[in-house]
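Colleague: I would like to go through this model feature by feature. Please give the general idea each time, and then the case at hand.

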Amino acid sequence: MPTDALSATLFALADPTRRGLLARLATGDATVTELAEPYDMSLAAVSKHLKVLESAGLVSRGRQAQWRPCHLEGAPLRAVSDWLDDYRRFWERNLDSLANYLKTVQQKDPGEKA
């Protein structure tokens, strides 16, 4: 398991089942049984996925009498978004440069070589 928070979050997000669990939790808290309903896997397997999400800080578990709801924690997702923003800006700059170049090429005389 990765040791830094960003790596742990990306590792947790790499699995489609864990992403599905997070998507479900984005609609509200749920028990392990409720989270397991759409999957053809045991409660133990779902619990293992939840443990990965918990260790990445993406999920917390509460306790309300007999009900132990799982809750989505958004802070690690914000950290991923912030990290990706640098790359988003990189691609926007490069795409803007490409767009400007294409405009220049299109404005040249059609018979002129670029």
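Modeller: This is a predicted model. We can start with a charge over a ring: the charged end of arginine 18 lies over the ring of phenylalanine 11, at 5.4 Å from the ring centre.

Colleague: How should I read two packed helices?

Modeller: Two packed helices are described by the angle between their axes and by the distance between the axes. Here, helix H2 (residues 16–25) packs with helix H4 (residues 43–55) at an angle of about 80°, and their axes are 10 Å apart. Angles from 65 to 115 degrees count as roughly perpendicular, so H2 and H4 are roughly perpendicular to each other.

Colleague: Which residues in H2 and H4 meet?

Modeller: From H2 come Thr17, Arg18, Leu21 and Leu22; from H4 come Val46, His49, Leu50, Val52 and Leu53. The residues of this contact of H2 with H4 divide into six nonpolar, two polar and one charged. Arg18, listed here on the H2 side, is the arginine whose charged end sits over the ring of phenylalanine 11.

Colleague: Is histidine 49 buried or exposed?

Modeller: Buried means under 20% relative accessible area. Histidine 49 has a relative accessible area of 14%, so it is buried. This histidine is found in helix H4. Leaving out residues up to four places away in sequence, histidine 49 touches Asp15, Thr17, Arg18, Leu21 and Met41.

Colleague: What angle do the axes of H1 and H5 make where they cross?

Modeller: The axes of helix H1 (residues 5–13) and helix H5 (residues 75–107) cross at roughly 100° and come within 10 Å. That angle makes H1 roughly perpendicular to H5. On the H1 side, Leu6, Thr9, Leu10 and Leu13 meet Pro76, Leu77, Ala79, Val80 and Trp83 in H5. The residues of the contact of H1 with H5 divide into eight nonpolar, one polar and no charged.

Colleague: And aromatic rings? How many aromatic pairs does the count come to?

Modeller: A pair of aromatic rings is described by the distance of the centres and the angle of the planes. The count comes to two aromatic pairs. One of them is formed by phenylalanine 90 and tryptophan 91, with 5.2 Å centre to centre and 75° between the planes. Planes over 60 degrees apart count as edge-to-face, and the pair of phenylalanine 90 and tryptophan 91 is edge-to-face.

Colleague: Why does phenylalanine 90 count as partly exposed, and what is the relative accessible area of tryptophan 91?

Modeller: Exposed means over 50%, buried under 20%, and partly exposed in between. Phenylalanine 90 counts as partly exposed because its relative accessibility is 37%. Tryptophan 91 has a relative accessible area of 52%, so it is exposed.

Technical notes
Residues are numbered from 1 along each chain as its sequence is written. This is a predicted model: local features need pLDDT of at least 70, side-chain atom pairs count only at pLDDT 80 or more; totals for chains, interfaces and linings use all residues. Side-chain values use heavy atoms; hydrogens and water are left out. Rings of Phe, Tyr and Trp (its six-membered ring) pair if their centres lie within 6.5 Å; planes under 30 degrees apart count as stacked, over 60 as edge-to-face and the rest as tilted. Buried means under 20% relative accessible area, exposed over 50%, partly exposed in between (1.4 Å probe, protein chains only). A charge sits over a ring if NZ of Lys or CZ of Arg is within 6 Å of the ring centre and within 35 degrees of the ring normal. Axes are lines fitted to C-alpha atoms, for helices over the stretch in contact, and angles run from 0 to 180 degrees between N-to-C directions. Helices (H or I, at least four residues) and strands (E, at least two) are DSSP runs, numbered from the N terminus. Angles under 35 degrees count as roughly parallel, over 145 as roughly antiparallel, 65 to 115 as roughly perpendicular and the rest as oblique. Contact means heavy atoms within 4.5 Å. Ala, Val, Leu, Ile, Met, Phe, Trp, Tyr, Cys and Pro count as nonpolar, Asp, Glu, Lys and Arg as charged, and the others, Gly among them, as polar.
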